[in-house]
Structures are given as structure tokens and as C-alpha cells.
Amino acid sequence: LEAQSSNLINGLCRQRNGLLSDVFEPESFQEQSHTVVRRLVEHLSDSSIKGLDLIDPAVLSKAAKDLMTSERDTIAAFDEKRLSEIVDLYIRTGIQVHSPGYLGRQFSGVIPLGGVVDFVSAVVNQPSSFYEAAQLPNVAERLMADELNQFIGWDPDSFAMVTTSGGSLANLTALLAARNKAFPDFWSHGSPAGSNAGSQAAEGQARPAIAVGADVHYSVSRAAGIIGIGESQIVRLPLNGDQQIRMDQVRPTLEAAEKRGLKVFCLVASAGTTSVGAFDPIGELGELARELNIWLHVDGAHGASLLVSDRLRHRLRGIEKADSLAWDAHKMMFVPAPCTLLFYRDKQDSLGAFRQHASYVFDEEPDPYTALDSGDKNFECTKRPMIMALWVLWAMHGRALFAEKIEQLCELTENLHQLLSGEPDFETVHRPEANILCFRYRPADLRDEDVHGFQVDIRNRIKHRGRFFISKVDIDGVAALRVVVMNHRITPEHFRLLLEEIRLVGSDLPAVAHEARSR
Ligand SMILES: *Cc1c(COP(=O)(O)O)cnc(C)c1O
């Protein structure tokens, strides 16, 4: 009887609220998610070679607009066909991270279970900065931090980890913590040399500065700008032929900076540069930083994941000497973006980034329930519980899943490098240390002065043909083609097909044609 009357009441309510309550009905949810999952399964089953289907924004806009309901005054009913078409358009019109044609960027071909967990996160919608609101994510953050710290090697009782929405924000947060430690009054009083922002420092007033490898990610110079470190206060350290910081140049460069009235408080090393995946000599930099009392931040957004592999960990040798480490799990840990982990060697330092008091959210007296809160160490207020996909994958499959995947991709990249060395019309420009490979196409009749423009043209043609998606990067001022091996479908055979594609689009480009004509 009770069930009957509750059904009756529900029925009456539904009639009254109509479509307004329908959108919250679990049955609608089930129907809708089935539609979407079916479509995604089709998508994931497609192993064809796909680049980018680049559509004119006006054309796409029109297509998207046509999918919008024309209903204005009443709530439009759910239309499965419309949802299908929207999802279809969504899937088609961007990079195809699971296709072997996708070789251009660092977004990973995610492990689908990671997406399933993200789906749960999106529905339960727990913001993760405070324990009480998102309890499992906060505990999972601690567990994941402990798991990964085993490979960094810091004291388990005194290190700290926070998650941030991307590596760029992790770099910014670490630089802020470093700045506030070296200049404790900066937060309340501004730059110590604020009154003379010109290039000459007043006597005894060294201007805060950071030192970075010349090929550091652009987010670091942006972060510097945001925290009050001008372009002229960024000291660029020269690189060797492998695009790593030249150790013999660090001390002299820092000394020269000091003579110019700069006080370098933070040194930023890269563990996997974005352009070629080069690893700076972290251990040696760490020793020098320690000696000079400078904070060492390691931007491991791309390459920190190599730490979980016994075979590849040595690329980050000496990481335990760093003060902080940024680690993007949405790159080589294959989870949906963003999921970034920012590690600090010393817990105290993690508190130093944001020294502001907002007592309406931050409890003055921490108790067991607030001890895990990260709101005081994060820039974000509302934040997705981004650790969950990573933790669930780790919980379900363990470290070996990641180690094997990373090893496989790095090994494959080495093989591609070897393959390339046997092709006389291609030029290798570095030894790959991770899963990024840069090279140039240099047919015999290409003039030196045309090499740069030629690579740019090739990259654009490849993109527009839509078969493969690769990127372009400048190395020592000359453009090179760039391949990032980021999913499980890519094989050497696909790479061979890419080289054929490059030769094909290169054959009728003006730079070579011009040479051919003048011969
Ligand atoms: C990708 C990358 C970044 C930026 O990280 P986001 O997560 O894209 O914000 C920073 N540094 C390096 C070395 C990177 O490869």
C-alpha cells in the first residue's frame, strides 16, 4: 500500500513538474548514458589512421546551431537522435587521441576506465579541496602521494602533495611558494625592489629572479610574470646539443646575474622538455641549488611519469634533491585531463604558496577531519576530484600497468629514431629520451635557407590532409617536425606511412620545386 501511494504521489508530482523533473530522472540518465556509451564504444573500436578533420569554424557553428532546439517557451523533450548527433560531432571534430594517426601532442590516449571514473566524478560532483565534501578523493590523494613518493624518495613523514588543474598551475604554485620562502614579506608588501622597477637595482636591493633552462615550458615565464618577476628577471641557462642545461655554464651564468643586481631564488629544471623531451641533470643542479641556497623546482609535467619505471627512472636521477616537482598524470599516466600532482619535499613549503587568511573556509584549529583539506595550498576553490581516475586505475591494476605502458612508448620512440637514421632524406636532431621525437625532412635538393620554411609547410599540409596529426617545434631556431607517441595503437608501420606522407606532400612544395626548376 505504501509503495502504491508513493508511486501515486510521484506520478502526481511528475505530472505537475513535467519535463522539469524528467531531466533528473534516473531512468532518463540510464537511457542517455546508454546512447553515449554505445557511441563511445564504436569510437574506441575504430583503429583507422586519422589525423585532424579541421572544419571551418563558421561551418561547424552552423552544424552545431542546427542541433539546438528551437523551443523557446517550453522545455524541449529529450531527443535521443539529437544527443547522438551532438556526441558524434563532438567526437569527430578534434584530435583523435586513440588513432595511430595521432602523433602530434601530449594529450594521451586515455585508458577508458579513467574516463568511466571521471563520469562518476562528474555525476557525484564532489569538490575536492575539503575533506568533508569529498572524503574518498582526499584520502585517495594521500594514498597516491605515498605510492608515487616511493619513486621520488622523500621522507614519507615530511613531504607534501597537492593536485592542481594542470602543470601550468603547478609551476605557478611552486614558484609562488619558492618566492614567498625567499622573500617572506613579498605577499604583504610586494616586490622588495618595487619602487625602482627599472633595470638597475637600488643599492642593497637585489631584484628577485629565477633561472631556467633556455627551453623551459612557456608556462614558467608566464608564472614568473604573474608572481611579479619580469622578463628581465628570468635568467636563461644555455643548453648542450641534447637540449639539456649545460652544467658547466650554470654557475657562471648565475654569477653574472648576481652582478646585474638579481637574486636568483629559484632554479627551474625540466624533466622532459616539451619540445624534445630532454631531461636536465637534476642531481647536479640539486647539489648546486643546495649549496647556493636556491629552490630547485623540477617541471616534470611530461616526464615525471618515467619515475614509475625501473628501466627509465634514471632519467630523473637526483630528483630527491629537488624542492618541488610538477607531474602531469594526464600526459604519461593516461588519465583524462587535467590531473596534475605537485610534490614538495617539505610540507611547510606547501603552506607558503598562499599565505592569505580566509577564515570562513579555513578552520583555524585543524582536527582529523580538516587535516587533509588542501584548500589552503591550492589556487582553486571549486576543484574536480582529479585524483580519482589515477587512483582507481592504480588500485585496480597496480604500478606495472603504467610502467609497462611508458616503457613500451619510449622503446617504440627509440625504434622510430633508429628507423629514421636509415632514411637518407631525413635528419635526426636529437636522441629521444622519452616518447617525443623531432626530425627534419631534407631531400637532397633542399637549400639550407629553405629548411625552416619547408618543415613548417610540410606540417601544415599534413594537418590539412587530415591523415596524420603531427606538430612542429623550433630547435636552435630552425623548425623541425615533432612526433609524440601517446597511444597504444601506434606501430613502426604507421611511422613508415607517415614518412611516405611527408615525402608525398613535400614533392610538390615550392621550396623543392624551385630547386628542381633551377637545376
Ligand atoms: C605540458 C607541459 C606543461 C604544461 O602543463 P599543462 O598541464 O598543459 O598545463 C608544463 N611543462 C611541461 C614540460 C609540459 O610538457
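This note goes through the ligand site, a surface patch and several salt bridges of a predicted model.

1. The ligand is surrounded by 15 residues, and the closest are Gly167, Ser168, Asp299, Asp328 and Lys331. Sorted by class, the shell around the ligand consists of eleven polar residues, three charged residues and one nonpolar residue.

2. Helices at the ligand. Two helices, H8 (167-182) and H13 (329-332), each contribute at least two residues to the shell around the ligand. Of the contributors, H8 gives the most, with three residues.

3. A polar backbone atom of glycine 167 lies 2.7 Å from an oxygen atom of the ligand. Side chains take part as well: a polar side-chain atom of threonine 274 is 3.0 Å from a ligand oxygen atom, and an N or O atom in the side chain of lysine 331 is likewise 3.0 Å from an oxygen atom of the ligand. The ligand taken alone exposes 380 Å², of which the protein buries 86%.

4. Leu19, Leu20 and Ile75 make a nonpolar surface patch of about 250 Å². Leucine 20, one of these residues, lies in helix H2, which covers residues 19-22.

5. Arginine 39 and glutamate 42. The structure holds 35 salt bridges, and one of them joins arginine 39 to glutamate 42, with the closest N and O atoms 3.5 Å apart. Because these two residues are three apart in helix H3 (residues 26-45), about one helical turn separates them.

6. Arginine 39 and aspartate 88. Arginine 39 also forms a salt bridge with aspartate 88, at 2.5 Å from N to O. This pair links distant parts of the chain, since arginine 39 belongs to helix H3 and aspartate 88 to helix H5 (residues 80-92), and the two residues are 49 residues apart. Aspartate 88 counts as partly exposed, with a relative accessibility of 26%.

7. Aspartate 242 and arginine 431. How far apart in the chain are aspartate 242 and arginine 431? The side chains of aspartate 242 and arginine 431 meet in a salt bridge of 3.1 Å, N to O, and the pair links distant parts of the chain, 189 residues apart. Aspartate 242 sits in the loop between strand E3 (234-237) and helix H11 (247-259), while arginine 431 sits in the loop between strand E8 (426-428) and strand E9 (436-441). Aspartate 242 counts as partly exposed at 27% relative accessibility, and arginine 431 is also partly exposed, with a relative accessible area of 48%.

8. A network of salt bridges. Glu423, Asp425, Glu500 and Arg503 are linked in a network of salt bridges. As a general point, side chains of opposite charge can pair when their charged atoms come close.

How values were computed: Residues are numbered from 1 along each chain as its sequence is written. This is a predicted model: local features need pLDDT of at least 70, side-chain atom pairs count only at pLDDT 80 or more; totals for chains, interfaces and linings use all residues. Side-chain values use heavy atoms; hydrogens and water are left out. A residue is near a molecule or strand if one of its heavy atoms lies within 4 Å of it. A polar contact is a pair of N or O atoms within 3.5 Å; within protein, one must be able to donate a hydrogen and the other to accept it, and residues adjacent in sequence count only if both atoms are side-chain atoms. Accessible areas come from the Shrake-Rupley method with a 1.4 Å probe; for residues, only the protein chains shown count as cover. Helices (H or I, at least four residues) and strands (E, at least two) are DSSP runs, numbered from the N terminus. Ala, Val, Leu, Ile, Met, Phe, Trp, Tyr, Cys and Pro count as nonpolar, Asp, Glu, Lys and Arg as charged, and the others, Gly among them, as polar. Patches are made of residues with over 30% relative accessible area and no salt bridge: like charges are joined within 9 Å, nonpolar side chains (Val, Leu, Ile, Met, Phe, Trp, Tyr) within 5 Å. A salt bridge is a side-chain nitrogen of Lys or Arg within 4 Å of a carboxyl oxygen of Asp or Glu. Buried means under 20% relative accessible area, exposed over 50%, partly exposed in between (1.4 Å probe, protein chains only).
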